[in-house]
Amino acid sequence: MNAPTAAPHATRPAGNEDMASTVRAFEAYGDGDWDDIAREAIGEERIVVNMGPQHPSTHGVLRLMLEIDGETVTEARAGIGYLHTGIEKNMEFRTWTQGTTFCTRMDYVAPLFQEAAYCLAVEKLLGITDDVPARASVIRVLMMELNRIASHLVCLGTGGNEMGATTVMTVGFTAREEILRLFEAVTGLRMNHAYIRPGGVAVDTPEGFTTQARAALKNVRHYLKQLSDLMLANPIFKARLTDVGVLNLSGCMALAITGPVLRSTGLPYDVRKDNPYCGYETYDFDVPTSKGADCYDRAVLRIEECYQSLRIVEQAMERLDLTEGEPVMVADKKIAWPAQLAVGGDGQGNSLEHIKKIMGTSMEALIHHFKLVTEGFRVPVGQAWQTVEHPRGELGVHVVSDGGTRPYRAHFRDPSFNNLQGVSVMCEGGQVADVVVAVASLDPVLGGVDR
Amino acid sequence: MSDVTPGGDQKVVADAVQPPEGAATLEIVEVKRGMFGATGSGDTSGYGGLVTPIAMPAASPRPYGSWFDQVVDVLSEVLGEAGVSPEQAIEKVVVDLHGAQSADAQQAELTINVAREHLVAVCQALRDDQDLRFELSLGVSGVHYPHDGGRELHAVYHLASITHSRRLRLEVAAPDEDPHIPSTTSVYPSNDWHERETYDFFGIVFDGHPALTRIEMPDDWVGHPQRKDYPLGGIPVEYKGATVPPPDTRRSYS
């Protein structure tokens, strides 16, 4: 056995010296320029760099195929599908109510929006849009706006982290934690809630929720102030983001890019104003816009939208206090979940009163419970389309029913999926480092993109 | 009747629900049998012989209500000017009220079924005319109706007008044997990925698309997973001594 003449190499088996001699090596010296070295190494060949699907700056498993010339990106393509889990197909094999459990897992950073859009679409098909109790709509609005803040905080935090600003990330996630605690108090979970159900919401807010929420939101406001102080006037932050990833109004319209990216071009398009749902027309809030159409403006807009969401949340909490004790689910017992769930002494959500009734006193109630929970309710034949304003743009849901207890087809138009089409336009001609910034300003969540 | 395969006697069913003279024809997309999803066991309830034709909402009569009439009229006019016969291009117009009293309600929806050869002309008219201005395309979704003879594959386009705050839906059908629909990317570039997705999941070929490749499934995948004849898959799972069957083999109550 020959003694190892060279240290084992990570990519080359030790002792195989023939191979080492055939591999061309290039050494970079301090007095050379990378352009010269690259030219010597590859001549006129193109360099195609695969960024992802495991790259930390791609927010999950986005694969970016970049053709680069030195530091300049000459062509950028996005490859997706690495997180496709067939949620839409799976929903066709579950009841209409179970569908919320599935669609909440699509865009896991903003789960309540999928639930809300899906339930609104199912309610359209059922023809009960006007029968959903006011308190249920208020809770939906409240939860969606809290979720919008949480989602924007993740966007700003991870976006800052990708540029090396760890403090931005820690502040963003600390603030998000406050909101996740509120979610946990209401739904029992920090994500994957399945809280909004066709006809209303699963359970009323717990006692003392608005007091807890007001205290938490005071902290959120404080952290938001910290974030804007850290970011918006910071010269490095401005230098990295200003005039980067520009996409103008006609580009956005051609690629159907909505949300903060569209509003950063000056068009105040917001589904909450344009085609209101859940009673958004009765809330007082503004749609912030700007003119720069670049990454910096999108960051400013997201912070501004957080403040607007706080405005809506405060109005919603006032309404919650006024509607204390009102129903949160449609009165129709053929649709409403029979149990009135509450968190018991063991910390589990359960309904002991209801169990006592169906097991002890009413055979009919037991049959009804069993039928509704295992079989589900029937939804009239037809199709419906519902869009909501998701933190990343317009989220659309297309549901088709064949009159059965399961969706015949449920399709989600995820805003991240659509918006990723803009990566090429935003990155080509820019620097490689700007790709990270541009993708962060689109804020894609791959769970929603791939579904 | 008990040994007939599903969809096998569609004609019989279609004859059974023959609409009265002058009424709109129903589009039967599915025929269901039984009630509880149980087959092979002795049927003592009589529900096993139940045959239910599933028909999508029929064409709506005029007036449609709200802005729907105006949009359909303007679209017909613009199509006529472009040399396309509106009667051939617009197959039917459906208004879904979704429980509302009138079409003015927020939840009312307009669907225009378009003949596939005129789809691009319709999209062009809807986008460009100043009274229509559906400038935002919110994507394409596919639906597979295996029992809708000769029109098995449907592509559904969701359009929005920011100018007029309106939304409408275009529906285009293609048979399984000839799954071709013209691509709308020349009018709505944003439909690029959405058409790739619909091709990937349903096998609808969008003619004229710049790069119609799979987008979610691996490039070498066989089959189109969202079609109704494509199985969900899954394995039985053991839980506390009992075996839970995969979801597609569990009892369905439809």
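This is a predicted model: local features need pLDDT of at least 70, side-chain atom pairs count only at pLDDT 80 or more; totals for chains, interfaces and linings use all residues.
1. A:Gln383 lies in strand E8 of chain A. Is A:Gln383 buried or exposed? A:Gln383 counts as buried, because it has 26 C-beta neighbours inside 10 Å and the cut-off for buried is 20 or more. Leaving aside neighbours within four places in sequence, A:Gln383 is in contact with A:His398, A:Val399 and A:Val400. A:His398 is 15 residues away in sequence from A:Gln383, and the C-alpha to C-alpha separation of the pair is 7.1 Å.

2. **The E1-E2-E3 sheet of chain A.** This is an open sheet as well, with three strands in the order E1-E2-E3 and antiparallel pairing. Strands E1 (47–51) and E3 (72–79) of chain A stand at the edges; each has a single partner strand, so one side of each is left without a neighbour in the sheet. Neighbouring strands are turned by 20° against each other on average, direction ignored. E1(A) and strand E2 of chain A, residues 63–69, run antiparallel and are joined by five bridges. Within E2(A), A:Leu64 stands opposite A:Met51. Helix H18 of chain A, residues 432–442, packs on the sheet and touches E1, E2 and E3 of chain A. The direction of H18 makes about 150° with that of E2(A).

3. How far apart are the axes of H6 and H7 of chain A? They are 8 Å apart, and the helices, residues 134–162 and 166–187, pack at an angle of about 160°. H6(A) is therefore roughly antiparallel to H7(A), since the angle is over 145 degrees. The crossing of H6(A) past H7(A) is left-handed. From H6(A), the residues that meet H7(A) include A:Met143, A:Leu146, A:Ile149, A:Leu153 and A:Gly157. From H7(A), the residues that meet H6(A) include A:Met169, A:Phe173, A:Arg176, A:Ile179 and A:Val186. By class, the residues of this contact divide into 15 nonpolar, six polar and one charged.

4. **Chain B overall.** Chain B comes to five helices and eleven strands. Of its 254 residues, 35% are buried. Among contacts in chain B with a separation of 6 or more, 55% are between residues 24 or more positions apart.

5. **Strand E4 of chain B.** E4(B), residues 109–114, is mostly covered, with six of its six residues buried. B:Glu109, B:Thr111 and B:Asn113 point one way, while B:Leu110, B:Ile112 and B:Val114 point the other way. In a regular strand, side chains alternate between the two faces of the sheet. Strand E3 of chain B, residues 90–96, runs antiparallel to E4(B), and six bridges join the two. B:Lys92 has B:Asn113 in E4(B) as its bridge partner. E4(B) and E7(B) run parallel and are joined by four bridges. The bridge partner of B:Val114 in E7(B) is B:Val172.

6. **The contact between the chains.** Chain A gives 43 residues to the contact and chain B gives 38. On the side of chain B, the elements that give two or more residues are strands E2 (51–56), E5 (136–144), E6 (153–161) and E7 (166–174) and helix H5 (191–202). The largest share of that side, six residues, comes from E5(B). The residues on that side of chain B divide into 17 nonpolar, twelve polar and nine charged.

Methods. Residues are numbered from 1 along each chain as its sequence is written. Chains are lettered from A and ligands numbered from 1 in the order in which they are written. Two residues are in contact if their C-beta atoms, placed from the backbone, lie within 7 Å. Ala, Val, Leu, Ile, Met, Phe, Trp, Tyr, Cys and Pro count as nonpolar, Asp, Glu, Lys and Arg as charged, and the others, Gly among them, as polar. Axes are lines fitted to C-alpha atoms, for helices over the stretch in contact, and angles run from 0 to 180 degrees between N-to-C directions. Angles under 35 degrees count as roughly parallel, over 145 as roughly antiparallel, 65 to 115 as roughly perpendicular and the rest as oblique. A crossing is left-handed if the near helix is turned anticlockwise from the far one by less than a right angle, and right-handed if clockwise. A residue is buried if 20 or more other C-beta atoms lie within 10 Å of its own, exposed if 12 or fewer, and partly exposed in between; C-beta atoms are placed from the backbone. Two strands pair if DSSP finds at least two bridges between them.
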